[in-house]
Amino acid sequence: MNLIGGNLLQRKLRKTLGVIAFLIPVLPLTTTVVHAQIPNPAVVYAFQQEPTDIITPSGLLAQGRDGNIYGTGTNRGANNKGGIYKISPSGVETVVVSFPSTYASCQGLTLAFDGNFYGTCLVGGGHGYGFIFQATPAGVLTDIYDFTATNDDGNPDLVPVLGANGDLYGTSGNTNYICGNIYRIAINGTGYKNIKSGPGFCSPSELSAGSDGNFYGIWGNTPTAGNVGAVFKVSGAGGYTEIKDFSAQTDPSWYPTTGPILATNGKLYGTDDGGGTNSNGAIYSLTTNGKTVTDLFNINSSADGTLWGNNLFQASDGNFYGASYSGGSGNQGSFFELTSKNVFSVDLIITNNTIGDNPATPIMQHTNGLLYGTTSVNGANGAYGNLLSFNIGASPFVALVGPVAAGTEGSTVQILGQDFSSSSVVEFGGTPSTSVQVSGSTFIEATVPAGALTGKITVSTTAGTLSSLVTFKVTPKLASFTPTSGPVGTGVTITGSGLEQTTSVKFNGTKASFTVDSDSQISATVPTGATTGKITVTTKGGSATSSSSFTVN
């Protein structure tokens, strides 16, 4: 049995329970949707029904430092427990490691700052409630944390994601076993924290890491929303906020099925499978305060697939892509696209195809510009699942490890890409880094230089200059100010770093006139109306506040 498919189907069964209403303002659908055309997938690698190959690919894919695509399969391998594979963009597969007999239903990988991968296993471990594992690129496996079921935490069937602080954030729980929780843990297995769990909270989705430093997900059940579903936000510090309780009485659709993603326009995008014009749910957008939900496309599960099971992905072209595990005339799933202008297209998987059936991994984008996904079963020539690519016409780019593109001068940034060389130059907003360590042709560690500016990161390569998709924000730091006291009109010298693009200086909230002397110094004047308090400097990359107060005499 395909455990990913089984787990997803079990999660869907929760919707046969009751409904609790919750009033939320709704924005009516005003967009006329027409069908476009998602690119046809190409088979990159067909997983083989051989005794040692990994089959039934499932869970998150990850681009490694070496440029290969890493993933997991839940079956076959040396011990019939699946394992970890890597596949080059050209289609060369290597079995990294077969899971030992003590590992069961392990799926999905996340790349962390240490260069290793992290995933979860549904059952097993020291207490029998599943565990989190570390896998090195060489295939060394380590169980770093065993779930205990103490706070409804256990039986994780979804992979944790990386936070800007280097910790892992994830969810546990499986409808067949335990309700689950939201957790945080360091990559060495220490500092485990239960962020949220409790009576009535069940069936959380996989988290998505937002560029704002927060994490977003859904509950299948909550005490306030019942089994209609809710969207939540978790801060990097571990703060929990339930931002949207769905209602079958007041919302256009409900039963969220995937963890919403934070798009470049600042809104959340996700899918649900209740309500909507066809009673099959919709692709929706949601403001991050939870007050405005908009159905962008009404799903027809026979024609479009169910559009649930895997989180959406926003690619470099601004469009959203997804992989539906099920639906369609043969219940074999689909791949779909929703453009930034809400034009929908679908590639419905049909019987006796060459690409396989039932996608069980979310779509991801490699820095070569291609999208990648999988099917979990079937395919041509006896395959048992396939790695697929989608050519959306995107140019190659560089990507940062971690969800938040920001840092202070002197901090280290990890960069994925291709065609790097020992002569590659890394620039932050046009300022070259003076400390660049190149590892092969696909990975760089660069130090944010003095004088760096908020802007795109660029890397010169043997094939031209590549740019990051997002703006890297150089966050300011304040070191000191002098004098530490004085009346209105006093000149104050403020020192620190990342001050070149200063846009505002405030004395305890009152704006002051200032001059930027250099990247490390500002001259400001104590403004009329200022009171004793801390000094705050705001730049294009963020804000910094002094650790001590300036005293206004």
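Modeller: Strand E34 gives the largest share of the lining of the second largest pocket, 3 residues. Keep in mind that this is a predicted model.

Biologist: How much space lies in the second largest pocket, and which residues are closest to its centre?

Modeller: The second largest pocket holds about 180 Å³ of space. It is lined by 14 residues, and Phe113, Val401, Val404, Ala406 and Thr412 are the closest to its centre. Two strands, E33 (406-407) and E34 (412-416), each supply at least two residues of this lining.

Biologist: What classes of residue make up the lining of the second largest pocket?

Modeller: There are 9 nonpolar and 5 polar residues, with no charged ones.

Biologist: What is the volume of the largest pocket, and how many residues line it?

Modeller: Its volume is about 1,800 Å³. The lining of the largest pocket has 49 residues, and those nearest the centre are Ala209, Phe313, Leu400, Gly402 and Pro403. By class, this lining divides into 30 nonpolar, 16 polar and 3 charged residues. Strand E40 (residues 464-474) makes the largest contribution to the lining of the largest pocket, with 5 residues.

Biologist: Now the sheet. How should I read strand pairing?

Modeller: In general, the strands of a sheet pair through backbone hydrogen bonds, in either a parallel or an antiparallel way. Here, 5 strands form an open sheet with mixed pairing, in the order E33-E40-E39-E35-E36.

Biologist: Why is one side of E33 and of E36 left without a neighbour in the sheet?

Modeller: E33 and E36 (431-432) stand at the edges and each has a single partner strand, so one side of each has no neighbour in the sheet.

Biologist: How many bridges join E35 to E39?

Modeller: Strands E35 (residues 426-428) and E39 (residues 455-461) run antiparallel and are joined by 3 bridges. To follow one of these pairings, take glutamate 427, whose bridge partner in E39 is threonine 458.

How values were computed: Residues numbered from 1 in each chain as written. Predicted model: local features only at pLDDT ≥ 70, side-chain atom pairs only at ≥ 80, totals over all residues. Heavy atoms only, no water. 1 Å grid on protein atoms, 1.4 Å probe; cavity = no way out; pocket = protein on both sides within 12 Å on 5 of 7 lines; lining within 4 Å. Points joined across faces, edges and corners; volume = space filled by probe spheres on them. Helix = DSSP H or I, 4+ residues; strand = E, 2+ residues; numbered from the N terminus. Nonpolar A, V, L, I, M, F, W, Y, C, P; charged D, E, K, R; others polar. Pairing = 2+ DSSP bridges.
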